[in-house]
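Colleague: Could you give me a close look at one part of this model, and then show me what lies around it?

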Amino acid sequence: MDQTKTPLFTALKQHAERNPVQFHIPGHKKGVGMDPEFREFIGDNALSIDLINIAPLDDLHQPTGVIEESQKLAAEAFGADHTFFSVQGTSGAIMTMILTVCSQGDKIIVPRNVHKSIMSAIIFAGAKPVFLKPVRDENLGIDHGVTTSSVRRALERHPDAKAVLVINPTYYGVCANLREIVNIVHEYNIPVLVDEAHGVLIHFSSKLPMSAMEAGADMAATSVHKLGGSMTQSSVLNIREGRVSVRRAKTIISMLTTTSTSYILLGSLDTARRNLALNGKEMAERTIELANYARHEINLIPGLYCFGDEILGTEATYDYDPTKINIHVRHLGITGYDAENWLRDKFNIEVELSDMYNILCLITPGDTRENIETLLTALAQLSSENYSINPVNELVIKIPKIPQLTLSPRDAFYGDTEIVPFKESADRIIAEFIYVYPPGIPILLPGEVISQDLIDYITEHVEVGLPVKGPEDRSIEQVKVIVETPAIF
């Protein structure tokens, strides 16, 4: 196929040039009917292609024209049999994967450090999660991936599972041996679903970890907007035929997608695919070069550490994406949250996420050497103001045990509930999520038993200002739990 083409974006531009008289939504009608300040800021070019599914522009829900052609080009670029555009973000694509293969009561094998969208889909499906314990890095205080041996053990115990879901790479850029995991799962004729939200560039460079499609996975939700140059909220769902129903996937993604699909987002996916297909290798290699320079220089700054090749060599750390710059700040005597706020206040730098011990900076094709030098200057000053000044406790990373799942997430979420003080909720079954976002990994899921260790862990996060979210009570002073039936004497 001709990857220089952009069927959808070209059609959008041609439609704008024809300048038809519009008697359809959106009601702003090329910006005329909207707030003037916003129109001036956003620009008339963008507003001229903020359109709906009229005949010349095809329909994402049942494409037969330029959207269908654009998706076929994307499938070739990503090495998939079929690719579907998502304007519901990667979360929509992830939910589609799970709802395609799981129904009420079905088992699905998933890592415990999954994104909340995965658990949301499990609740919607009424599925039963079988959790794999991710490998914890006691030096960095983060979770890596799952091991091939844990996948094999889970399949031996649950050969009736409908799917195995794997994260590749993790938010922090670390990968397990995906091809080996896929081969193990396929021995049971079970499909492999991959959360590839942070891995779009890996499709286009041999210097990056293996992509889901190259490893033989059956479905992968791939975020193009995060690292690949499309606009926020635009992603793709890649599918390999055989173990999953493509027709069902089409039905599910349509059910989850707004009927007022954004053609600005769809057009950005079309052009991002072209750019990646034509220039992805060079883009990835330039990004890797910048990231490796940043990593080397950061490791020369006193009190800071950014992991690289030395982390490899275990089942859970088979490979890594060097464009993820995870900066461990514990030896400065501050939290990652402190570092994030300091960089914002002093240098106008925004990082991807912070946790108790780290900040994560993403290096992308949008970065320059100048950007990197600004970050390095800021980090050097951060070090000079804190290293050997603040007391540093060589503490053991406190990550609570995975809580016991006593009810299915769906039964807990829709169950009979009551509100209790969070600090008095030990041994109760939670009926809502508690998670830190980013990265959006749940600390507690509906159906899990709240332990005192988890109460202490979450309270500590709240007290240092980390973004703990999920409960209806945003202060996390109250929590929703399953009503306990009193004993009868």
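Modeller: Let's start with helix α11 (residues 246–256), which lies across β1, β9 and β10 and runs at about 5 degrees to β1. A few ground rules first. Contact here means heavy atoms within 4.5 Å. Angles run from 0 to 180 degrees between N-to-C directions, with axes fitted as lines to C-alpha atoms, for helices over the stretch in contact. Helices (H or I, at least four residues) and strands (E, at least two) are DSSP runs, numbered from the N terminus. This is a predicted model, in which local features need pLDDT of at least 70 and side-chain atom pairs count only at pLDDT 80 or more, while totals for chains, interfaces and linings use all residues. Residues are numbered from 1 along each chain as its sequence is written, and side-chain values use heavy atoms, with hydrogens and water left out.

Now the sheet under that helix. Seven strands make an open sheet, ordered β1-β10-β9-β8-β6-β2-β3, with mixed pairing; two strands count as paired if DSSP finds at least two bridges between them. At the edges sit β1 (82–86) and β3 (128–132), each of which pairs on one side only. Ignoring direction, neighbouring strands in this sheet are turned by 20 degrees against each other on average.

Take the β1 end. β1 joins β10 in the antiparallel sense, over five bridges, and Ser-86 stands opposite Ser-235 in β10. Although β1 is an edge strand, four of its five residues are buried, which leaves the strand mostly covered. Buried means under 20% relative accessible area and exposed over 50%, with partly exposed in between (1.4 Å probe, protein chains only). Further along, β8 (residues 192–196) pairs with β9 (residues 219–223) in the parallel sense over four bridges. There, Val-194 faces Ala-220 in β9.

Helix α5 (residues 89–101) also packs on this sheet, touching β1, β2 (107–111), β6 (163–167), β8, β9 and β10 (235–239), and its direction makes about 170 degrees with that of β9.

Then there's helix α6 (residues 116–125), mostly covered, with eight of its 10 residues buried. Those are Ser-117, Ile-118, Met-119, Ser-120, Ala-121, Ile-122, Ile-123 and Ala-125.

Next, another sheet. Four strands form an open one in the order β11-β13-β15-β14, and here the pairing is antiparallel. Its edges are β11 (305–306) and β14 (353–354); each has a single partner strand, so one side of each is left without a neighbour in the sheet. The β11 and β13 pairing runs over two bridges, with Ile-327 in β13 as the bridge partner of Cys-306.

In α14, the buried residues are Ile-372, Leu-375, Leu-376, Ala-378, Leu-379, Leu-382, Ser-383 and Asn-386. They cover an arc of only 165 degrees around the axis, which puts them on the same side of α14; that arc uses the directions from the helix axis to the C-beta atoms. What do they pack against? The buried residues of α14 pack against α12 (263–298), β13 (324–328), α13 (336–347) and β15 (358–362). Ser-388 follows α14, and its phi is positive, near 65 degrees.

For contrast, look at Tyr-414, in the loop between α15 (409–413) and β16 (417–421). This tyrosine is exposed, with a relative accessible area of 52%.

Zooming out, the protein has 16 helices and 20 strands, and 55% of its 489 residues count as buried. Among contacts with a separation of 6 or more, 73% come from residues 24 or more positions apart. The C-alpha trace spans about 70 × 65 × 50 Å along its principal axes.
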